[in-house]
Amino acid sequence: MRTYRDYLVEKRFPTIWCGGCGNGIVLKAIALAFADLGLDRKKTVAVSGIGCWGWADDYLNVNGFHGTHGRALAFATGIKLANPELTVVVLMGDGDGATIGGNHLIHAARRNVDLTAVVVNNLNYGMTGGQYSGTTPQGSYTSTSPYGHVEDGFDLCALAAAAGAPYVARGSVAEGGKLRELVRTGLSRKGFSFVEAISVCPTHFGRRNKKKNPTEMFRWLRENALSIEGAKRLSEEELKGKFLLGTVRDRPSEDYGTRYGRVTASAGEMEELS
Ligand SMILES: Cc1ncc(C[n+]2csc(CCOP(=O)(O)OP(=O)(O)O)c2C)c(N)n1
Ligand code: SF4
């Protein structure tokens, strides 16, 4: 039986990530989910974009494809359609998957290709120096919002669900065990699964937002997390700045590959008749 360590390339450790970064927790949750499902490493592909989290495919002992910033979903779509037997997991940061790559995210969800996207949302562009991204909360400090961020951040799960993703869930690096479950469920659903992992970047976001160290960042994450169920009892004002964790949507919907197979089969029949 495989364990999560079979899915990690431990000879490349320690990782490139800063001490206290949340990426390692998401990496382990994914490796555990792979092991839970006993995925065949030769038939599994991790597709990444660019950014700190974009290094993750280097540490997973499955096939890897390191794409370009914001375009991981486009590469992953091609890989899955060319070889439907593969399990394809797409690893993106919030800058990668939801800001520069936001349009790809909307259309991947709408198209419902059988992929599992894991977006690590650390609320800023980590790799390039902590600039604000499309998920940076209003009022927070980043290298490009030194007086406080003016815009509201995206609710990524609401976006993915509204665009049609059949499985949408949000976890956090403060609850690694739960994150493993969400990734496992996403992988086992057919169609586009979207898992957002709220994470910490102590080096940039934490430092600029007066969290003295990674421990404080994790405490902040825990204190501001609520279950989706629990949040139903609270007012909009009370929900401000909170991370709502759990399953946002789990509703089967016929995936692109199944429909495409049917259309190509009927196109063949039509040609025979003509
Ligand atoms: C097309 C393009 N634009 C910009 C960049 C520069 N760039 C590299 S990583 C990055 C930000 C990464 O942020 P995020 O996706 O949130 O990942 P993190 O580093 O926080 O894990 C940017 C802007 C690039 N490589 N390619
Ligand atoms: S810069 Fe931030 S996201 Fe990147 S490795 Fe360091 S702590 Fe993690």
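Predicted model: local features only at pLDDT ≥ 70, side-chain atom pairs only at ≥ 80, totals over all residues.

*Shell around ligand 1*

- Ligand 1 has 16 residues around it, and of these Cys 52, Gly 95, Asp 96, Gly 126 and Met 127 come nearest.
- By residue class, the shell around ligand 1 is made up of six nonpolar, eight polar and two charged residues.

- A polar backbone atom of Met 127 is 2.9 Å from an oxygen atom of ligand 1, while a backbone N or O atom of Asn 124 lies 3.2 Å from an oxygen atom of the ligand.
- For Asp 94, a backbone N or O atom lies 3.5 Å from an oxygen atom of ligand 1.
- Ligand 1 exposes 580 Å² when taken alone, and the protein buries 73% of that area.

- In helix 9 (residues 214–223), the buried residues are Met 217, Phe 218, Trp 220 and Leu 221.
- Because these residues cover an arc of only 160 degrees around the axis, they lie on the same side of helix 9.
- Thr 215, Arg 222 and Glu 223, on the other side of helix 9, are exposed.
- The cover over the buried residues of helix 9 includes helix 1 (23–37) and helix 8 (202–208), together with strand 5 (167–172), strand 6 (193–198), strand 7 (225–227) and strand 8 (243–250).

Methods. Residues numbered from 1 in each chain as written. Chains lettered and ligands numbered in written order. Heavy atoms only, no water. Buried < 20%, exposed > 50% of the residue type's maximum accessible area, 1.4 Å probe, protein only. Helix = DSSP H or I, 4+ residues; strand = E, 2+ residues; numbered from the N terminus. Arc of directions from axis to C-beta. Contact = heavy atoms within 4.5 Å. Near = heavy atom within 4 Å. Polar contact = N/O pair within 3.5 Å; in protein donor to acceptor, adjacent residues only side chain to side chain. Areas by Shrake-Rupley, 256 points an atom, 1.4 Å probe, with all protein chains shown as cover. Nonpolar A, V, L, I, M, F, W, Y, C, P; charged D, E, K, R; others polar.
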